Amino acid sequence: MLYTRREILKLAALLGASQILGACSTSTKDIEPELILMNGRIATQDERRSFAQAVAIRDGRFAAVGSNEQVMALRGSNTEIIDLGGRTVIPGLNDSHMHPIRGGLNYNMELRWDGVPSLADALRMLKEQAARTPPPQWVRVVGGWNEFQFAERRLPTLDEINRAAPETPVFVLHLYDRALLNGAALRAVGYTKDTPAPIGGEIQRDKQGNPTGLLIARPNASILYSTLAKGPKLSRQDQLNSTRHFMRELNRFGVTSAIDAGGGFQNYPDDYEVINELHKRGEMTMRLAYNLFTQKPKGELADFTQWTKLTKPGAGDDFYRMNGAGENLVYSAADFEDFLEPRPDMPPSMEPDLKAVVRLLAENRWPFRLHATYDETITRALNVYEEVNRDVPFGGLHWFFDHCETISDRNIERIKALGGGIAIQHRMAFQGEYFVDRYGAKQAERTPPIRRMLELGVPVGAGTDATRVASYNPFVALYWLVTGKTVGGAVLYPASNRLERMEALRLYTVGSSWFSSDEGKKGSIAAGQLADLAALSADYFSIPEEQIKQLESVLTIVGGKVVYATGEFSRLAPPPLPVSPDWSPVKTYGGYWRSGSQAAKSAWSDDATKIAVTQNRGSRHDTWSPWWLGCGCFV
Ligand SMILES: [Zn+2]
Ligand SMILES: [Zn+2]
């Protein structure tokens, strides 16, 4: 009896790999795995959340999962064996909401303060980077950090930024609320005494009317992003290199998939040329499903009408595929999460605008996602969705909301009834302190109400919304899900709104797969699924909670190929990829802070600073006490 290869692999997985070999006339060579990983503690994320010791990979998919004996029985003469040495292995992480296509174009020209432990370190890196950045380039710190992560627990001053960089333009973005520009950056963008006050933002001025360098997102962040967009771009060649480095950086943290939420200034199709090219060349080291984000206020329907003629959901392959519309569907529905400002009320045009676009999308069977921070916005969007659904049933369309920090139980139920999902991110880990300041600790306890979403049976995916507010590091997001803490250490959630580690991991794997209609195809280490996994630097399941945010991958595999390897797996690492341009901060510092790395060393080269910061750091836990810690809910 002859079996097709697919049938054999399926049977092998069902029966226990060793039983199948004698059951058919196909030679073992035809079914022998290319790769076996053994001696691991493999958290499979199968239905029973079981652990396995070994996994076999063939043709980019998992072929068998089981004990060392079961899987090693499949070994053929050409099978490569990797001894995991007891390492914990997880399915490749899937960030269901980030902006990696845009992030990749800019990665090599951004200085990252993500995870940097002190402002002294951050300013020293800024100073060093300013000295090596040639004109007309800028030094940009664009999100991924906040002041609460610093030992000093404060923002840099404009004076400090001007001292660190007297001549090179510097743009430092803080969350969604402000940007700090030095004098050189003000000159580069041309903001002077005579510059009129912009619509949708504020240029802070001194008594003489001269811009100070502080830009404030009041009432929204457009002034921040439109100013950032005035900076020079990287060349096409450098953008290709930059995107590859960003993917590698994500691979460093075990990320093997993301769903790209588009983004401001991320135009389709123009700004997709670089990722298209990398896809064509086979140089993508993570999988991307991407949503199309309209860039035209009042022209949204025209955009989507055009795009429904140009492409369709599912176009592409498992590495790079169109996933539908969003996260911006219409500008009149975009409620930015700047918790330093009051909640924005959406204009009355939101409903008609949204109705036209959602109707078009439903008619064309386009899945869609919508950025929505506040329950009030969600209520209004759901009113529209329910109305459209009566006319053009969504029936099985994987539509969802992003963020949903303040969503009510009632609206979670309405999402469930309409077959939708919710993609959550750890934005509160960066903005939680500000949220508590405005709305109180009690309200923050269910912001977002993750456990309620799960209890009510709505599909939930995890992610970061990187790169402009939160960092892309998934372990910081997992840490937030498990501990309920911000990056500054403030506890936001009671135990009833925190997740078990297994459950948190599930949202980041199986959970996220629903959001690109990939359920059953990725997210678990199970026969037939795409062979994406990561072996971790320490055991996620047993280390102290505080150490979760320090986890990294030591071996990341995508589609059966090693895309990142370090430590004992270094010999498997892909060839080095030189960073371009030469002055890129990535060349010196890498991305997310590495303790003991060159970033740390160069930032620590000044002994006087070192002593001061060490002292400061040593006393950190004793001295910091957030002003709201008096609240009885958090101690
Ligand atoms: Zn958003
Ligand atoms: Zn986003």
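Colleague: What makes H12 and H13 roughly parallel to each other?

Modeller: Helix H12 (residues 300-310) and H13 pack with their axes 9 Å apart and at an angle of about 10°. The axes are lines fitted to C-alpha atoms, for helices over the stretch in contact, and angles run from 0 to 180 degrees between N-to-C directions. Angles under 35 degrees count as roughly parallel, over 145 as roughly antiparallel, 65 to 115 as roughly perpendicular and the rest as oblique. H12 and H13 are therefore called roughly parallel. This is a predicted model, in which local features need pLDDT of at least 70, side-chain atom pairs count only at pLDDT 80 or more, and totals for chains, interfaces and linings use all residues. Residues are numbered from 1 along each chain as its sequence is written, chains are lettered from A and ligands numbered from 1 in the order in which they are written, and side-chain values use heavy atoms, with hydrogens and water left out.

Colleague: Which residues in H12 and H13 meet?

Modeller: From H12 come Glu 300, Leu 301, Phe 304, Thr 305 and Thr 308, and from H13 come Ala 356, Val 357, Leu 360 and Leu 361. Contact here means heavy atoms within 4.5 Å. Helices (H or I, at least four residues) and strands (E, at least two) are DSSP runs, numbered from the N terminus.

Colleague: How do the residues of the contact of H12 with H13 divide?

Modeller: Six are nonpolar, two polar and one charged. Ala, Val, Leu, Ile, Met, Phe, Trp, Tyr, Cys and Pro count as nonpolar, Asp, Glu, Lys and Arg as charged, and the others, Gly among them, as polar.

Colleague: Why does Thr 311 count as buried?

Modeller: Buried means under 20% relative accessible area, exposed over 50%, and partly exposed in between (1.4 Å probe, protein chains only). Thr 311 has 12% relative accessibility, so it counts as buried. Thr 311 is found in the loop between H12 and E16. Apart from neighbours within four places in sequence, Thr 311 is in contact with Tyr 268, Leu 292, Met 322 and Trp 366.

Colleague: Why is Gly 299 called buried?

Modeller: The relative accessible area of Gly 299 is 16%, so this residue is buried. Gly 299 lies in the loop between strand E15 (287-292) and H12.

Colleague: Why does Arg 365 count as partly exposed?

Modeller: Arg 365 has 40% relative accessibility and therefore counts as partly exposed. Arg 365 lies in the loop between H13 and E17. Arg 365 also has a positive phi of about 55°, although it is not a glycine. Most residues other than glycine have a negative phi, and most peptide bonds are trans.

Colleague: Where is the peptide bond that is cis with omega near 0°?

Modeller: That cis bond runs from Gly 326 to Glu 327. Glu 327 is found in the loop between E16 and H13.

Colleague: Which residues coordinate the zinc ion (ligand 2)?

Modeller: The donors are His 97 (NE2), His 99 (NE2), Glu 327 (OE) and Asp 465 (OD), at 2.1 Å. Donors are N, O and S atoms within 2.8 Å of the metal (3.2 Å for Na, K and Ca); water is not among the atoms, so sites may look incomplete.

Colleague: What makes the arrangement around the zinc ion (ligand 2) irregular?

Modeller: Four donors count as tetrahedral if all angles lie between 85 and 135 degrees; four count as square planar and six as octahedral if opposite donors are over 155 degrees apart and all others between 65 and 115; anything else is irregular. The four donor atoms of the zinc ion (ligand 2) subtend angles of 87 to 175°, which makes the arrangement irregular.

Colleague: Which residue bridges the zinc ion (ligand 2) and the zinc ion (ligand 1)?

Modeller: Glu 327 bridges the two ions, which lie 3.4 Å apart. The zinc ion (ligand 1) is coordinated by Glu 327 (OE), His 371 (ND1) and His 403 (NE2), at 1.9 to 2.0 Å. His 371 in strand E17 (residues 369-372) and His 403 in strand E18 (residues 400-403) are 32 residues apart, and this pair links distant parts of the chain. Both of these histidines are buried.

Colleague: What share of the 635 residues of the chain counts as buried?

Modeller: The buried share is 61%. The secondary structure of the chain comes to 24 helices and 23 strands.
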